[in-house]
Amino acid sequence: MAGIIFCDATELYNMLNQNTRYSRLTEPIYLYLVDVRTKYQYYESHMITAKNAERDADGNYLMPQDIELECVKYCVVYDGCTKSVDEEGPAIQYAKLLEVVSRQPIQVLNGGYELFSAYYPFFRTQKIFYMPQELDAFEPYPVEILPAKLYMGDFKQASKKQVQKHLKIKAYLNLCQEKEIIFEEENNAPILHIPSAEETNLLSHFAIACYFLDDYLDKGAVLIFSTLGISRCCTIVIAYLIHSQKISLKDAWAHVQKCKATIRPHRSFVYQLSKWEETILKKMITDISDPYY
């Protein structure tokens, strides 16, 4: 058996917002999200793409028939409010049923529906069935690096009013060549623009970026973005984590990659991050000759 683990609201939020060309929610074996609350609660409101767990006439949970669980990358189960300190609960009971056939750990959402929907009310829905084209049209939000504080995304996401509203973005760090992002007139959030390309020496901008982030993260959430959201913005985020949390490049990289699986900083930026690690931590810790980087 693969076992049972707990995942936090931020982890599920980031799972829902993974994308390549399309949202990863279009992949049938990417995420199986199960709501084990009552049918009434489920129909009243549930998380996007969640299925309601089936029961028999005696109220016992049934093994799902609509998914090959041994092939699923992530299986997340939630009830109303089960927390990681609880030894039992509907979500844990159902997870024990699923872990028998799953090759991956069954994840139980810490805090359940109540906590997740309080943090991310815009992911609540009453919709039960999704056509493939509807999932294709789903527009992911920026991933969350530091809960309710630091987000990372692309130019398209940064330009959306609903992203600014839902994530309560108070400032932006723009790494695109383009200076302007289009907002409604009433949005006067400060923007630090560092025009950059693959040949840019971002190392010379790390300090000012970290100063900007230190300042505005004390006031609210900040979104860091670049054109595609996979290289330049990742580089600045990793540099900031090294600076603010005094962790190695290796650990900062692992954290950011857990939040967004498709990060791909340009090789020149990796060298610059290595120098930054040495500057901040007073020694070079990470071996960037490893093919992992």
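Leaving aside neighbours within four places in sequence, V237 is in contact with I145, M152, I224 and V256, where contact means heavy atoms within 4.5 Å. V237 lies in helix α9. At 0% relative accessibility V237 counts as buried, a label for residues under 20% relative accessible area, with exposed meaning over 50% and partly exposed in between (1.4 Å probe, protein chains only). A252 sits 15 residues away along the chain, and its C-alpha atom is separated from that of V237 by 8.5 Å.

A word on what you are looking at: this is a predicted model, in which local features need pLDDT of at least 70 and side-chain atom pairs count only at pLDDT 80 or more, while totals for chains, interfaces and linings use all residues. Residues are numbered from 1 along each chain as its sequence is written, and side-chain values use heavy atoms, with hydrogens and water left out.

Now let us turn to the sheet. Its five strands run in the order β8-β9-β12-β10-β11, forming an open sheet with mixed pairing; two strands pair if DSSP finds at least two bridges between them. Helices (H or I, at least four residues) and strands (E, at least two) are DSSP runs, numbered from the N terminus. The edges are β8 and β11 (191-193), each pairing on one side only. On average, neighbouring strands of this sheet are turned by 25° against each other, direction ignored.

Helix α9 (residues 232-245) packs on this sheet and touches β8, β9, β10 (169-174) and β12 (221-226). The direction of α9 makes about 140° with that of β12; angles run from 0 to 180 degrees between N-to-C directions, and axes are lines fitted to C-alpha atoms, for helices over the stretch in contact. Helix α10 also packs on the sheet, touching β8 and β9, and its direction makes about 150° with that of β8.

At one end of the order, β8 (residues 143-146) and β9 (residues 150-154) pair in the antiparallel sense over three bridges. V143 stands opposite M152, and E144 stands opposite Y151. The two strands form a hairpin with three residues between them, and A148 in the turn has a positive phi of about 60°.

Finally, follow α10 (residues 249-259) to α11 (residues 267-281): they pack at about 125°, with their axes 10 Å apart. The two helices are therefore oblique to each other, since angles under 35 degrees count as roughly parallel, over 145 as roughly antiparallel, 65 to 115 as roughly perpendicular and the rest as oblique. L249, K250 and W253 of α10 meet V270, L273, S274 and E277 of α11.
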